Amino acid sequence: MLNLLRKEEPVLRAEITALYSVLDHKLGLHGAEVPITFGMDEKALGSYLPASYDNEEQFQFSLFFIGFCMNEQLSKNDRVNLYKHEYAHYMAHHISIPEKYNWQPGVHGSAWKYCCSLIGAIPSDYYIEDANIKKIDYDSVLTRPNVDHKQVQMLDTYRTQRMYKNMENAKVKYEVGDTVSHPKFGEGTVKEIEQQPSSVRLHIAFGDEVKIIDQKWLVKTGYSKVSER
Ligand SMILES: [Zn+2]
């Protein structure tokens with residue numbers, strides 16, 4: 001089996017190189033000169049490795065998917081798309097991407113999708129069987145989703161309002177000795193004041209019982225003798 005697959009390598013290499021030569025000619029690139037290696041990866045159909053400190057630039061394709069003697073060999077259409085997918089990765093490293101297509105980061109971000117649009121590759125990072133290129137709307141794929149500024153402003157306003165409210169809530173509005181009214185517990189007297197980062201908690205005596213209640217739930221009904229002076 002492996003021997004058989006090895007024999008297919010030159011055929012596949014020719015198929016890929018022929019396609020890349022056409023694309024190179026159109027774009028003034030040299031993708032057809034980048035070495036192609038074949039493996040038996042069962043998880044990835046292919047990959048493009050840019051030149052780096054420890055590896056030579058190369059395309060890799062898995063014979064597991066594209067080998068002619070495999071039962072489930074990808075259709076010609078899907079193979080071509082796979083080759084284009086990897087070529088688009090190569091392009092992203094070799095052409096200058098217009099600023100407006102740099103909004104989405106990632107290997108399969110908007111820069112790569114822009115490259116896909118130039119060569120008619122399906123701008124999807126996963127394999128779609130028999131994907132139809134004619135159905136791809138590159139314009140919508142490449143357009144940065146509209147940021148609704150009203151929404152952003154609203155969120156901001158909301159945050160500002162909340163900050164203000166927290167500040168208000170943290171202001172001590174009572175004094176020890178003040179008489180307060182609570183909808184459930186009735187009248188009480190402030191015994192102790194506890195300052196919290198964004199609230200004020202009061203220890204209030206309702207008859208014999210002392211409850212700890214946030215000042216925002218209370219209504220002041222009488223001032224302490226101190227403030228009445
Ligand atoms: Zn990819």
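Student: Why is H85 called buried?

Tutor: H85 has 10% relative accessibility. Buried means under 20% relative accessible area, exposed means over 50%, and partly exposed lies in between (1.4 Å probe, protein chains only). At 10%, H85 therefore counts as buried. This is a predicted model, in which local features need pLDDT of at least 70 and side-chain atom pairs count only at pLDDT 80 or more, while totals for chains, interfaces and linings use all residues. Residues are numbered from 1 along each chain as its sequence is written, and side-chain values use heavy atoms, with hydrogens and water left out.

Student: Why does H108 count as partly exposed?

Tutor: The value for H108 is 27% relative accessibility, so H108 counts as partly exposed.

Student: What makes H85, H89 and H108 donor residues of the zinc ion?

Tutor: Donors are N, O and S atoms within 2.8 Å of the metal (3.2 Å for Na, K and Ca); water is not among the atoms, so sites may look incomplete. The NE2 atoms of H85, H89 and H108 coordinate the zinc ion at 1.9 to 2.1 Å. H85 lies in helix α3 (residues 76–94) and H108 in the loop between α3 and α4 (110–119), so this pair ties together parts 23 residues apart in sequence.

Student: How do you know that β4 and β5 pair?

Tutor: Two strands pair if DSSP finds at least two bridges between them. Strands (E, at least two residues) and helices (H or I, at least four) are DSSP runs, numbered from the N terminus. β4 (residues 179–182) and β5 (residues 186–195) have four bridges, in the antiparallel sense.
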